[in-house]
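This report concerns the model shown below. Please keep the structure open while reading.

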Amino acid sequence: MEVLRIGRIQYANILPVYHFFEHDRVEFKPAVPSQLNAWLEEGAVDLGPVSSFAYGLHPERYVVLRDLSVSSRGPVGSIFLVSTLPIPSLHGRTVALTSSSATSVRLLKILFARRFEIAPKYVTMDPDLDRMLERADAALLIGDDALEAVLNPRGLMMLDLGEAWWEWTGLGMVFAVWAVRRAVAEEAPELLHSVHRTFREARDRGLREIDAVIRAAADFCGGEEQFWRDYYRCLSYDLGEDLLDGLHRYYQEAHDLGLLPTAARVQLWGDL
Ligand SMILES: C=C(O[C@@H]1C=C(C(=O)O)C=C[C@H]1O)C(=O)O
């Protein structure tokens, strides 16, 4: 295997991990999470950050790289339900779900069913807030689409899903994990090891030299430096035991609601 084809989330959330990443045997394929999930499933990429829900659907096909994730321990800052009504009033109303997400869509369904005990109707739409709110009473956005809604507030109610999960469970929430197709882990363990190490080093440097990452985000997406500083404080990129506990609780809740065929357990590469 000459190069690894690696997915890259096309949002500012991932910049602290990718900004300093350099490796001569990788090729990046950028896309929104739902597209990366599909590419990994089809074998169009070998590994990358994918929705933790997508891993939970097929844990037998993948292994997970330890110590890497896109997570929050509390507010996440870029996953919001934008609502024209108070949450309890959404019962029986229509909620638009972004087509870019897999994890957050199920997280919202879990929070609504179990925490808020309401049952709205759901429609899936491309992430365009104006069009979503023409059809629905509330809209779920993730990534840069959610950040855009934060930067251009409309005076609507905004529920941060990381915060809602934290308040309800006392646990962190893992939105994305670095999943690798099992065949790739078996065929190219040395290359994978080197890429894994490079990701962790790039992440450590990105967090150490966060000012450079913040400047890149502000150049690329606009917004004040302080905005990005606060945003990156919300996100975690490790995969500690506490986050695995949060993820396993999410899989259990998803399974209980019939959203996942099994309550998946994460299999870390190297623990096989
Ligand atoms: C923090 C985020 O995490 C993400 C949310 C995902 C999902 O809902 O499926 C997948 C990958 C991450 O981009 C975000 O997009 O804002």
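## Basis

The model is predicted; local features need pLDDT of at least 70, side-chain atom pairs count only at pLDDT 80 or more, and totals for chains, interfaces and linings use all residues. Residues are numbered from 1 along each chain as its sequence is written.

## Domains

The protein is divided into domain 1 (4-71 + 173-256) and domain 2 (79-169), with bounds from an automatic or database domain assignment. Their C-alpha centres lie 23 Å apart. Domain 1 gives 20 residues to the contact and domain 2 gives 17, where contact means C-beta atoms, placed from the backbone, within 7 Å.

On the side of domain 1 that touches domain 2, two or more residues come from each of helix H2 (33-42), helix H3 (52-57), E10 and H12. Helices (H or I, at least four residues) and strands (E, at least two) are DSSP runs, numbered from the N terminus. H12 supplies the largest share of this side, 5 residues. By class, this side has 11 nonpolar, 7 polar and 2 charged residues; Ala, Val, Leu, Ile, Met, Phe, Trp, Tyr, Cys and Pro count as nonpolar, Asp, Glu, Lys and Arg as charged, and the others, Gly among them, as polar.

## Ligand shell

The ligand is surrounded by 18 residues, the closest being Ser 51, Ser 78, Ser 101, Ser 104 and Phe 175; a residue is near the molecule if its C-beta atom, placed from the backbone, lies within 6 Å of it. The shell has 11 nonpolar and 7 polar residues, and no charged ones.

At least three shell residues come from each of domain 1 and domain 2. Helix H4 (103-116), helix H6 (143-151) and strand E10 (173-181) each supply at least two.

## H4 and H12

H4 packs against helix H12 (residues 241-256) at about 70°, with the axes 10 Å apart. Axes are lines fitted to C-alpha atoms, for helices over the stretch in contact, and angles run from 0 to 180 degrees between N-to-C directions. H4 is therefore roughly perpendicular to H12 (65 to 115 degrees; under 35 is roughly parallel, over 145 roughly antiparallel, the rest oblique).

Arg 106, Leu 107, Ile 110 and Arg 114 of H4 meet Tyr 250, Glu 253 and Ala 254 of H12. These residues divide into 4 nonpolar, no polar and 3 charged.

## H10 and H11

The axes of helix H10 (residues 210-221) and helix H11 (residues 225-234) come within 9 Å and cross at roughly 120°. The two helices are therefore oblique to each other.

Definitions and conventions
Contact = placed C-beta atoms within 7 Å.
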